[in-house]
Amino acid sequence: VERFTVSARNPLFFVRDDVLFRRNERGEIILVKYPPARKNETYTIPDDVVGIDVSAFQETECLKHLVSTSVVNMDRAFHEMDSLETLRIENALCMKGCFNWCFNLREIALPDTLFVIEDCFCQCPALKGEIRIPQRLFECKDSFLNSGIEGFTGIGSGCRSEDGVLFNRSGTTLIRYPNTKPDRSYKIPDRVKLIESNAFYGSQLVDVSLPISVREVRNNAFRESKDLVAIRVRDGRLSDVRIHDYAFEDTKWIDSQGPFAVFEDVLVSYRGEESEIHLPAVRAIAEGAFHRRSLPASVFVSRETKRIDRRAFMYNDQIEVLVLGAVEEIESEAFVGISAEKVVIPDTCKGIGKHAFLNAKTREFVIEGVETQFGAECIGFKKAFGEPVEENPDVLVLCRPGSVAQEYCNFYGIRYEFLKE
């Protein structure tokens, strides 16, 4: 498509310079679609435009230079613009899901008005040098992945740079380590408590050392850091750290761990093929550790394991036998879709999170504890794709008289019987 035309009698849509626009319910002008095959190499979004529709600039073929001076919120309007080389933005407040897969983008100018950048400028290998942090920037998340930038400079209202690495203003959260930064080792500063999602995604690092202050490593934090061999904790051990989905996936470190990858007493991944597994004596099983992985029919959790994190065994319908040891906490969605005919929740368990056993084929749950707490719809519910959650009439709960489990069953109308002493 090189141009659009609109009937003169259409009250909502109109065309300027071959580009399609519309008026919203308040009469404001929205850019609907830039013709992907329009031959012009430069385009300035008109000053009276207040918004841009999703995918308005997707897959442009000739556009090399883009200027925006009036649009405040940019949301998923610009991506896969292979021809784009330079970008100048003024007065924008928020950018989400923009300018990803722009392989030839080499120069950007971000305004100091910018408050939020989320999921932007990923897969932009031609974008090199340093990125100046806008003065009002409060949040930058999941951005600049697999871009060519070598560092960040400056200070925003909620972000700042240190040695080219992006942190929150207080320095307690490491947000982004540039993946083309040439250093091969990195010492995470002592004050850091949180390593954000995708923080080291695709880095060239071989060795990383963590301070004992770290409490959480979010999803994909070190993913695709293919040369990463060593992940060490200096001056002690981490206390009750939480590891999220695929935090160390596609690294040499995880490939060297054998069937069970354990980091600081947390089982983060399983890669074995045994028909029956007895899990190692770890304190916790991390989020997503067995998510969609091929598992044997029988899983035995160590009595040393106290916590099973969110989505730990999600969508593993091969599990037919599940023994939970002396677990104390089962978090939300931990066992969605498992096939075990019978599950015994030990009396050590203090709580079961929301939707923990959603869509499980389990017909019988034995709740040994009197005070085990139940999250919403954690047992006895199913959900088809696109449909609301509904009760599963095939489920039977065996519990003790006067227990929280009995109250849960009465509240939701789930069948139950009392355990025989």
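In the predicted model, the count of aromatic pairs comes to 30; rings of Phe, Tyr and Trp (its six-membered ring) pair if their centres lie within 6.5 Å, and planes under 30 degrees apart count as stacked, over 60 as edge-to-face and the rest as tilted. F78 lies in the loop between β7 (73–75) and β8, and F99 in the loop between β9 (94–96) and β10, so the pair ties together parts that are 21 residues apart in sequence. Strands (E, at least two residues) and helices (H or I, at least four) are DSSP runs, numbered from the N terminus. F78 counts as buried because its relative accessibility is 0%, and F99 is likewise buried, with a relative accessible area of 0%. Buried here means under 20% relative accessible area, exposed over 50%, and partly exposed in between (1.4 Å probe, protein chains only). The pair of F357 and F365 is edge-to-face, because the ring centres are 5.1 Å apart and the planes stand at 75 degrees. F357 is buried at 1% relative accessible area, and F365 is buried at 1% relative accessibility. Ring pairs also link Y34, Y43, F57, F78, F99, F121, F144 and F152 into a cluster.

This is a predicted model, in which local features need pLDDT of at least 70 and side-chain atom pairs count only at pLDDT 80 or more, whereas totals for chains, interfaces and linings use all residues. Residues are numbered from 1 along each chain as its sequence is written, and side-chain values use heavy atoms, with hydrogens and water left out.

Charged side chains also lie over aromatic rings (NZ of Lys or CZ of Arg within 6 Å of the ring centre and within 35 degrees of the ring normal). R191 lies over the face of F167, at 5.9 Å from the ring centre, and the charged end of R223 sits over the ring of Y246, 4.9 Å from its centre.

The largest nonpolar core holds 47 residues, of which I285, F313, L324, F335, F357 and I379 touch the most other members. Such a core is a set of buried Ala, Val, Leu, Ile, Met, Phe, Trp, Tyr and Cys residues joined through side-chain atoms within 4.5 Å. At least two residues of this core come from each of β25 (266–270), β32 (342–345), β34 (364–367), β38 (396–399) and α2 (404–412). The most is given by α2, with 5 residues. A second, separate core of 46 residues includes Y34, M74, I89 and F152.

An open sheet is formed by 4 strands in the order β4-β6-β8-β10, with parallel pairing; two strands pair if DSSP finds at least two bridges between them. Its edge strands, β4 (42–44) and β10 (107–109), each pair on one side only. Within the sheet, β6 (residues 65–68) and β8 (residues 86–89) pair in the parallel sense over 4 bridges, and V67 stands opposite R88 in β8.

Antiparallel pairing joins β1 (residues 13–16) to β2 (residues 19–23) over 4 bridges, with F13 opposite R22 in β2. These strands form a hairpin with 2 residues between them, and D17 in the turn has a positive phi of about 50 degrees. β2 is also joined by 4 bridges to the antiparallel strand β3 (residues 29–33), where I29 is the bridge partner of R23. The hairpin of β2 and β3 has 5 residues between the strands, and G27 in the turn has a positive phi of about 85 degrees.
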